[in-house]
Amino acid sequence: MNNKTFRVLSIDFDYFQNANEKALMEYPDGIDLQPSLSQQVWKGKYDFKPSADLIKTVTCKTNEMYFVENVFMNNCNQGIPVLACFSHEYIYGFIQEQFSTSGAEKLEIVNVDFHADYYNDNVKNDIQDCGNWCYFIKQEIPGTKITWIAPKNYKELYEEQDYSGIDKITTDLSILKQNDYDAIFLCRSDNWLPPHLDNHFQQFLHFFYSPFRKRSSISFHFTPPCVEADTPCQINPAFS
């Protein structure tokens, strides 16, 4: 009997933001938009006070970002598939495809994310989206185990949430080193990441893309500047 477990590491870059509740109140509505439109929505936020001042207090947790890069170097198998996207639109199909061709019988997902991505109102209408993809994966692949590595203040940010379907919730990022991973999904989540942090996101992507790594087969559902120029991009002056 095949008892192999296929492990997916899903990393939403919005996890790496230091944001308080007041700043989050100034973010755009959590609706997935095309990147060009999302940039225009954010620009409107940066053009006016006090929203701009609050948003600009958000910083990047660089130490945590570097820790995840270290996990990639030491806890990921050679040649694993990596998919990078602006949103979670493609994660459902990515996990289904990778698991179905892996020959494994068990699936585990470790979700490093500012949000649980497990349950929202669309679940009641059987509509899968970027905010509930974990729920639908677990329903369709019996026995799936899900771990959510949440921000330390998640209880303050998300009161009265239903987390009953998530197998483990922790704020301890170091547990990533307990396992090796067979596939990685990277996500920017445009509406949940202020554009003045985009240089950090590009640096993160560049780490995975760099030809010196040669540890993964990375695919993009967009062409980031770090790939076009083979160097991390600079921040857009409109969001500085």
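Are lysine 124 and aspartate 121 buried or exposed? Lysine 124 is exposed, and aspartate 121 is exposed as well. The model in which these residues are seen is a predicted one.

## Salt bridges

Seven salt bridges are present in the structure. One of them pairs lysine 124 with aspartate 121, with 4.0 Å between the closest N and O atoms. Both of these residues are exposed. Another salt bridge pairs lysine 138 with aspartate 167, and here the closest N and O atoms are 2.7 Å apart. Because lysine 138 belongs to helix H6 (residues 133-140) and aspartate 167 to the loop between helix H7 (154-157) and strand E7 (168-170), this pair ties together parts that are 29 residues apart in sequence. Lysine 138 counts as buried because its relative accessibility is 19%, a value under the 20% limit for that class. Aspartate 167 has a relative accessibility of 40% and therefore counts as partly exposed.

A further salt bridge joins aspartate 47 and lysine 43, with their closest N and O atoms 3.2 Å apart. Aspartate 47 is partly exposed, at 44% relative accessibility. Lysine 43 is also partly exposed, at 31%. Elsewhere, a network of salt bridges links Arg188, Asp190 and Asp198.

## The loop between E5 and H6

Asparagine 132 is located in the loop between strand E5 (106-112) and helix H6. Its relative accessibility is 0%, so asparagine 132 counts as buried. The side chain of asparagine 132 makes a polar contact of 2.9 Å with the side chain of asparagine 120. When neighbours within four places in sequence are set aside, the residues in contact with asparagine 132 are Asp117, Tyr118, Tyr119, Asn120, Asn122, Val123 and Ile127.

Aspartate 117 also has its place in the loop between E5 and H6. Although aspartate 117 and asparagine 132 are 15 residues apart along the chain, their C-alpha atoms are separated by 4.7 Å. Aspartate 117 is buried, with a relative accessible area of 8%. The phi angle of aspartate 117 is near 55 degrees, a positive value in a residue other than glycine.

## Further features of the loops

Serine 189 lies in the loop between strand E8 (183-187) and helix H8 (198-209). The phi angle of serine 189 is positive, near 55 degrees, in a residue other than glycine. Serine 189 is buried, as its relative accessible area is 10%. In the loop between helix H2 (35-46) and helix H3 (51-55) is proline 50. Lysine 49 and proline 50 are joined by a cis peptide bond, with omega about 0 degrees.

Apart from neighbours within four places in sequence, serine 102 is in contact with Lys4 and Phe6.

## The nonpolar core

The largest nonpolar core contains 70 residues. Within this core, the residues with the most contacts are Phe16, Ile95, Leu107, Leu176, Ile184, Leu186 and Phe204. In soluble globular proteins, nonpolar side chains tend to be buried together.

Isoleucine 184 shows which parts of the chain come together around one of these residues. Leaving aside neighbours within four places in sequence, isoleucine 184 is in contact with Leu9, Ile11, Phe72, Cys76, Ile80, Pro81, Val82, Leu83, Phe94 and Phe208.

## Helix H8

Helix H8 has 12 residues. From its first C-alpha to its last, H8 reaches 16 Å, close to the 16 Å expected at 1.5 Å a residue. The buried residues in H8 include Asp198, Phe201, Gln202, Phe204, Leu205, His206, Phe207 and Phe208. An α-helix has 3.6 residues a turn, so residues three or four places apart point the same way.

Asp198 is part of the salt-bridge network with Arg188 and Asp190. Phe204 is among the residues with the most contacts inside the largest nonpolar core, and Phe208 is in contact with isoleucine 184.

Methods. Residues numbered from 1 in each chain as written. Predicted model: local features only at pLDDT ≥ 70, side-chain atom pairs only at ≥ 80, totals over all residues. Heavy atoms only, no water. Salt bridge = Lys/Arg side-chain N within 4 Å of Asp/Glu carboxyl O. Buried < 20%, exposed > 50% of the residue type's maximum accessible area, 1.4 Å probe, protein only. Helix = DSSP H or I, 4+ residues; strand = E, 2+ residues; numbered from the N terminus. Contact = heavy atoms within 4.5 Å. Polar contact = N/O pair within 3.5 Å; in protein donor to acceptor, adjacent residues only side chain to side chain. Core = buried A, V, L, I, M, F, W, Y, C linked by side-chain atoms within 4.5 Å. Expected span 1.5 Å × (residues − 1).
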